[in-house]
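Please examine the sequence and the structure shown below.

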Amino acid sequence: MQLAKSFEQAACVLVLLATQRPDIPLTSDVIHERIGGSASYIRKIIRKLVVADLVASTSGNNGGVQLARSPESISIKDVVLAIEGPLHTFPDRGYFDQVFKDVQPVADEGTKVVNGIFSQADQLWLQFLSEQKIAALIKDLLAVSQIPVLNWNNQSEDKMGQLNQILARMRTAK
């Protein structure tokens, strides 16, 4: 199974929002500029995150999107389900029924057994992903103990320079 590219983009949206000043919504234009790709596609991803209650949207001149929950409470599973929908890795296209159509109940039992195996695997995978939080991902990625925040909307600032300064201060404070 392979996740769609929209999953990675959604994770990046959440990382941007987690590092955005919480009192200032991040505009979809800035998100699009940082991630790239199609602006309308990024808006569709954001909409899925809003529907899943991971992101809150505010309209108006000072509008944009913000995290609806803390990054410590958002799991990778939440993002997978928001973007991919319910997980069913075994498609059950009816091949067991076709191959063993003249040998019942083998066809039904074969389908049940394989469905059970993949259902259990899906649940184990989702359980693991539910333990992986966006906050931990960011902290591990940046090698810091707390998530740095800045205003990504201010395009005149050198974001990477600013982020590097924040990270340097955080790392020396350890």
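The lining of the second largest pocket comprises 10 nonpolar, 3 polar and 3 charged residues. Here Ala, Val, Leu, Ile, Met, Phe, Trp, Tyr, Cys and Pro count as nonpolar, Asp, Glu, Lys and Arg as charged, and the others, Gly among them, as polar. A pocket is found on a 1 Å grid over the protein atoms alone, as an open set of points where a 1.4 Å probe fits, with protein on both sides within 12 Å along at least five of seven lines; its lining residues have an atom within 4 Å of a point. The model is predicted: local features need pLDDT of at least 70 and side-chain atom pairs count only at pLDDT 80 or more, while totals for chains, interfaces and linings use all residues. Residues are numbered from 1 along each chain as its sequence is written, and side-chain values use heavy atoms, with hydrogens and water left out.

Of the 16 residues that line this second largest pocket, Leu17, Ala18, Gln20, Pro22 and Leu67 lie nearest its centre. The largest share of its lining, 3 residues, comes from strand β2. Helices (H or I, at least four residues) and strands (E, at least two) are DSSP runs, numbered from the N terminus.

Strand β2 (residues 64–67) pairs with strand β1 (residues 55–58) in the antiparallel sense over 4 bridges; pairing requires that DSSP find at least two bridges between two strands. Within this pair, alanine 56 stands opposite glutamine 66 in β2. The two strands form a hairpin with 5 residues between them, and glycine 60 in the turn has a positive phi of about 110°.

The largest nonpolar core has 37 residues, and those with the most contacts inside it are Leu14, Leu49, Leu54, Val55 and Val79. Such a core is a set of buried Ala, Val, Leu, Ile, Met, Phe, Trp, Tyr and Cys residues joined through side-chain atoms within 4.5 Å. Helix α1 gives the largest share of this core, 7 residues. In soluble globular proteins, nonpolar side chains tend to be buried together.

Helix α1 (residues 5–18) also holds glutamine 9. Is this residue buried or exposed? Glutamine 9 counts as buried because its relative accessibility is 13%; buried means under 20% relative accessible area, exposed over 50%, and partly exposed in between (1.4 Å probe, protein chains only). Leaving aside its neighbours within four places in sequence, glutamine 9 is in contact (heavy atoms within 4.5 Å) with Ile35, Tyr41, Ile42 and Ile45.
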